[in-house]
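Welcome! Here is a short tour for anyone meeting this structure for the first time.

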Amino acid sequence: MDNLIYEVSNITFRYPGYERNVLAGASLTLRKGEILCILGPNGAGKTTLLSCMAGLLKPLSGTIKLCGKDISGMSEREIAKLTGFVPQQHIPAFDYSVLDFVLMGRAPHTGIFSRPGAEEKARCLEVLENMGLGAIADKSYLDISGGERQQLLIARAVIQSPEAILFDEPTAHLDYGNQHRTLRRIKQMASEGYSVVITTHNPDHALLLGDKAAIVSRDGSVIQGTSEEILTEERLSSVYGMDIKIRYIEELGRTACLVPGL
Amino acid sequence: MQRSITGTTNKHTGRLVIPVLFVVLLALIMACLCIGKYQISPAECIRILSGKIAGTQQTWDGMDENMLIGVRLPRVMAAVIVGAALALSGAVYQGIFRNPLVSPDFLGVSSGACVGAAVAILMAMPSVMIQVSAFAGGIIAVAVTMLIPRMLRSDSGIMLVLAGIIVGGAMSSILGFIKYIADPETQLAAITYWQLGSFAYVDNKAVVSILPLSIIAAVVLLAMSWWINILSLGEQEAKSLGARVNVMRGICIVCSTVLTAGAVCISGTIGWVGLVIPHFGRMIAGSDNRVLLPASMIIGSIFMLFVDTVTRIAGPAEMPVSILTGLIGAPFFAWLLYRQRHILR
């Protein structure tokens, strides 16, 4: 397939010093413009899978192809040109200005003894402007809210101009409103042609995004399909070990994932 | 969150910071050339310097020339170089280890250089060999520090910091042993003097032979200043932005070590400059290493020059420099930490 962005085949991963395989024979695919939601219980290896796809961790066996090339043979720079990684949370050590922080996304396109110029700075301002963040461009990174920081991490990934963007639990540290604003942003990005992978603890987010879903099980295997195929009541109930209902809610015009009660 | 003082409040003055600091440094250099127990008037000073540069005929006092060119100028230049080198390597270390509390000697370079110098003093070597031995000691100590994480099969920055503590601790024990067996009349005083740092016996040849290497190291670090911003995001994020973290961090460590070891060769070990000056730099120039690194260099030079001139003119006998940098640096650092308490958690 020519529009295949990620092709993960049969990867196994174990953290050094541990017995358990976090990932065992995990496979999945991601096509251009697709959104893939990775679900799974705590500790099942969602973030590990994402880190392997970002080239931050090396699987023990199996292959990960990014735009047709095996990432084990690619440099950090080559991977970063094709994939942006949005971490769960950025813990700042120094207070860069918002603009300088976002500008760091140009790193994969900048030489080791070089720095981005005025043109790239202007492009950053444009992206911030488009995301409605133009007003805070001059602020210190420490003086903005958690929701705004999340937006900056996304802006930084956009500035990388990658094919795919990987989000590690993008909604974990956000309030209810910001969670859904981030999901809306992700959906919009997919429609602009980015291929997106997110990990989440909320199956309802996968239903809201309404594209592809994958579940990482405790045994390290992965199943993947459309979110309707994958997110069934039986499967979710068994993954999370409690009764979970999926209902079509007429007033909202969508299917939602709910817990009947405590 | 409260507004932090290291903020970008001075962002708009950012472009001006470097030239303003540079002018201050030049003015201070001129002042320090004139001030001393033997006074030279500023007019005479300018006449001698411009005459020397232009090669015009001598219209000034020979005593003044000897004092200025032979004694004071080398000493002032040494203070400028050492201050800049220590502040630059401190700022770089704080960036790449994303820890504002590290100083250039935390991988063991200063303690290693001290051991190197002490061994040479103990063996009654000539002063050139003491400098070579100090330089080698500093480099070897850092090399050992870098090897420890490799032996433990870990490439994390934390492991490197802990390895630095191990090497630093071992080095100070060795130094203690050398001081214990050294001849208290002659050798012990020389070792202590070396340990506390001084510009009183600056060796012109040492400065000239170390300068080219230091300039190369400084140019490399300044050229990488934007990437040091990237490294300061942490290993994972830097890697995901395409940085070869280990290679880049390695280059930064090698260059910073060369700078610090070179500075130790010129003046002995001088504490506090590499820790405090980058903080002060962040306060007036912001955190962006593209501005912070050159700003820290100039502030380091200004501070070192000021401290050395005070030791030179205050009191009947010259004090070692580290005594004064500590007396000024410690309370100053406490004040900086007080102002940064919101971001240092």
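This is a predicted model: local features need pLDDT of at least 70, side-chain atom pairs count only at pLDDT 80 or more; totals for chains, interfaces and linings use all residues.

Residues are numbered from 1 along each chain as its sequence is written, while chains are lettered from A and ligands numbered from 1 in the order in which they are written.

**Chain B as a whole**
- Chain B has 14 helices and zero strands (helices are DSSP runs of H or I with at least four residues, strands are runs of E with at least two, and both are numbered from the N terminus).
- Along the principal axes, the C-alpha atoms of chain B fill a box of roughly 65 × 55 × 35 Å.
- Of the 345 residues in chain B, 48% are buried, meaning that 20 or more other C-beta atoms, placed from the backbone, lie within 10 Å of a residue's own.

**The sheet of chain A**
- Four strands of chain A form an open sheet in the order S2-S1-S4-S5, with antiparallel pairing (two strands pair if DSSP finds at least two bridges between them).
- Strand S2 (23–31) and strand S5 (69–70) of chain A are at the edges with a single partner strand each, so one side of each has no neighbour in the sheet.
- Strands S1 (residues 4–13) and S4 (residues 61–66) of chain A pair over five bridges, and A:Glu7 stands opposite A:Lys65 in S4(A).

**Where the chains touch**
- Chain B gives 29 residues to the contact and chain A gives 25 residues (residues are in contact if their C-beta atoms, placed from the backbone, lie within 7 Å).
- On the chain B side, helix H9 (225–231) and helix H10 (235–240) each supply at least two residues.

**The nonpolar core**
- The largest nonpolar core has 171 residues (such a core is a set of buried Ala, Val, Leu, Ile, Met, Phe, Trp, Tyr and Cys residues joined through C-beta atoms within 7 Å).
- Helix H3 (residues 62–96) of chain B brings the largest share of this core, 16 residues.
- A:Met53 is among the residues with the most contacts inside the core.

Conventions:
A residue is buried if 20 or more other C-beta atoms lie within 10 Å of its own, exposed if 12 or fewer, and partly exposed in between; C-beta atoms are placed from the backbone. Two residues are in contact if their C-beta atoms, placed from the backbone, lie within 7 Å.
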